[in-house]
Amino acid sequence: MDVNSHAEELASDLGVDKEEVKADLQNLLEYSVPIDEAKQSVRRKHGGGGGGSSPTPDAVDVGEITTENDGVTVTVRVLTQGTRTIRYQGDDLTIREGEVADETGVISYTAWQDFGFEPGDSLTIGNAGVREWEGEPELNLNDSTTVAIADEPVEVDREVGGDRSLVDIAAGDRGRNVEVRVLEVDEKTISGRDGETEILEGVVGDETAKLPFTDWQPRSEITVGADLRIEDVYVREFRGVPSINLTEFSTVTPLPDPVEVAEDAPRLSIADAVGSGGMFDVEVVGNVLEVRDGSGLIERCPECGRVVQNGQCRSHGDVDGEDDLRVKAILDDGTDTVTVVLDDELTAEVYGGGLDDALDAAKDAMDKQVVADDIADSLVGRAYRVRGNLSVDDYGATLDAVEFALADDDPAEHARAALAEVGE
């Protein structure tokens with residue numbers, strides 16, 4: 001997108017400085033406001049009006065909407081609604097987000113003002129903008145959009161409301177409600193947009209899964225062991241896995257009955273785990289094919305903990321690295337592969353000695369590589385059960401292990417069984 005050309009056109013029409021207009025546009029675009037809406041907003045700011053209004057587009061089905069549409073009119077049922085605040089040009093702006101549907105499909109939406117609708121309402125939404133969000137089209141409801149109760153109820157084969165089990169939570173979800181037990185909580189101070197900010201971070205669980213959470217408005221109800229219903233959370237990706245976020249609009253209510261929490265992680269084939277896009281707690285079984293470079297004795301930056309290469313940290317330049325242990329191994333179960341990363345404690349277990357032992361071995365051999373070679377001799381060709389947090393990105397899939405043990409079953413047989421179950 002050429003912001004310069006849009007800014008030049010607006011500046012010429014409005015008779016104002018191009019750089020000021022460009023800065024206004026870029027601020028809006030950072031919050032994924034569609035370019036046409038951003039231009040209208042800048043016009044209003046500088047007294048140029050709305051830049052003209054277009055007639056209400058013809059009605060379309062949700063399933064027909066693509067990112068090529070400029071604007072659409074749809075008749076839909078509201079499935080979910082969440083509320084949160086974003087900051088634009090120093091001001092806090094409250095937006096509503098969620099999903100709507102008709103019989104042809106589901107689409108997410110962002111409403112830049114309160115139109116007064118709720119989950120379950122059947123609506124005719126006129127002149128809604130369309131943008132791309134998470135690779136899919138999304139409706140944008142702004143001051144050019146009309147919202148009215150539909151003439152007839154819209155029947156959809158979709159769940160209305162935001163209640164979800166943790167296993168069904170995905171990054172990008174808005175307006176979700178969960179019933180969970182708090183498993184871990186830490187108080188932290190971070191440098192936020194308003195200076196130092198107190199937050200809570202931790203882990204919650206239910207009978208289906210466990211997920212990390214962040215409470216941006218620390219609540220006294222959130223304590224280890226508390227059983228809670230948490231309403232209106234949004235979910236974003238953090239280190240490759242879904243993370244539940246509580247805002248000032250989220251509500252927390254103690255539950256009268258305890259929430260059952262799964263003790264075991266779901267065991268999946270590597271292909272299914274990788275296909276999920278990332279999981280906080282998952283178990284796979286496979287054979288170690290290779291111990292990769294960067295295993296054994298390594299050095300970390302004392303400032304940020306990154307691995308140091310030739311005395312260089314990517315963030316802090318020349319540093320005196322601190323010795324550490326790590327394993328990066330390729331695990332294969334016949335369906336796919338994943339890079340398994342073992343921390344210093346798990347590495348010490350598979351190596352059969354701690355950091356001091358590894359340093360002594362490297363000194364005796366006058367070669368750090370001897371540690372990685374010993375680890376490879378121990379691991380390669382054997383089957384292991386691995387539990388941990390899986391992240392998937394453009395560079396591949398990585399499983400940060402919290403448990404690593406010899407498998408008591410055949411990975412290939414398990415993979416065949418998992419695939420057969422999926423095919424049923």
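## Close-up views of the predicted model

View 1. The model shown here, as in every view below, is predicted. In total, 47 residues line the largest pocket. Those nearest its centre are F238, R239, N389, S391 and D400. The volume of the largest pocket is about 1600 Å³.

**View 2. The largest pocket lies between two domains.** Domain 3 (166–254) gives residues to the lining, and so does domain 4 (270–415), which means that the pocket lies between them. Which element gives the most to this lining? Strand β18 does, with seven residues.

**View 3. Y109 and F117 form an edge-to-face pair.** This is one of two aromatic pairs in the structure. The ring centres of Y109 and F117 are 5.7 Å apart and the planes stand at 70°, so the pair is edge-to-face. The cut-off for that label is an angle over 60 degrees. Both partners can be checked for burial. Y109 has 1% relative accessibility, so it counts as buried. F117 has a relative accessible area of 6% and is buried.

**View 4. Y384 and F404 form a stacked pair.** Here the ring centres are 4.4 Å apart and the planes are at 15°, so Y384 and F404 are stacked. Y384 lies in strand β18 (residues 383–393), while F404 lies in strand β19 (residues 396–406). The pair therefore ties together parts that are 20 residues apart in sequence. Are these two residues buried or exposed? Y384 and F404 are buried.

**View 5. Two arginines sit over aromatic rings.** R84 lies over the face of Y234, at 4.8 Å from the ring centre. R174 has its charged end over the ring of W133, 4.2 Å from the centre of that ring.

**View 6. V42 is a buried residue of helix α3.** The helix spans residues 35–45. V42 has 1% relative accessibility and so counts as buried. K22 is 20 residues from V42 along the chain. Their C-alpha atoms are separated by 9.4 Å.

**View 7. D232 has a positive phi.** Most residues other than glycine have a negative phi. D232 is not a glycine, yet its phi is positive, at about 60°. D232 is placed in strand β10 (residues 227–238). Its relative accessibility is 16%, so D232 counts as buried. The cut-off for that label is under 20%.

**View 8. N310 has a positive phi in a loop.** N310 is not a glycine either, and its phi is about 55°. Where is N310 found? The residue is in the loop between β13 (296–300) and β14 (312–313). N310 is exposed, with a relative accessible area of 81%. G321 is eleven residues from N310 in sequence. In space, the two are 9.3 Å apart, C-alpha to C-alpha.

Key. Residues numbered from 1 in each chain as written. Predicted model: local features only at pLDDT ≥ 70, side-chain atom pairs only at ≥ 80, totals over all residues. Heavy atoms only, no water. Phe/Tyr/Trp six-rings, centres within 6.5 Å; stacked < 30°, edge-to-face > 60°. Buried < 20%, exposed > 50% of the residue type's maximum accessible area, 1.4 Å probe, protein only. Helix = DSSP H or I, 4+ residues; strand = E, 2+ residues; numbered from the N terminus. Lys NZ or Arg CZ within 6 Å of the ring centre and 35° of its normal. 1 Å grid on protein atoms, 1.4 Å probe; cavity = no way out; pocket = protein on both sides within 12 Å on 5 of 7 lines; lining within 4 Å. Points joined across faces, edges and corners; volume = space filled by probe spheres on them. Domains from an automatic or database assignment.
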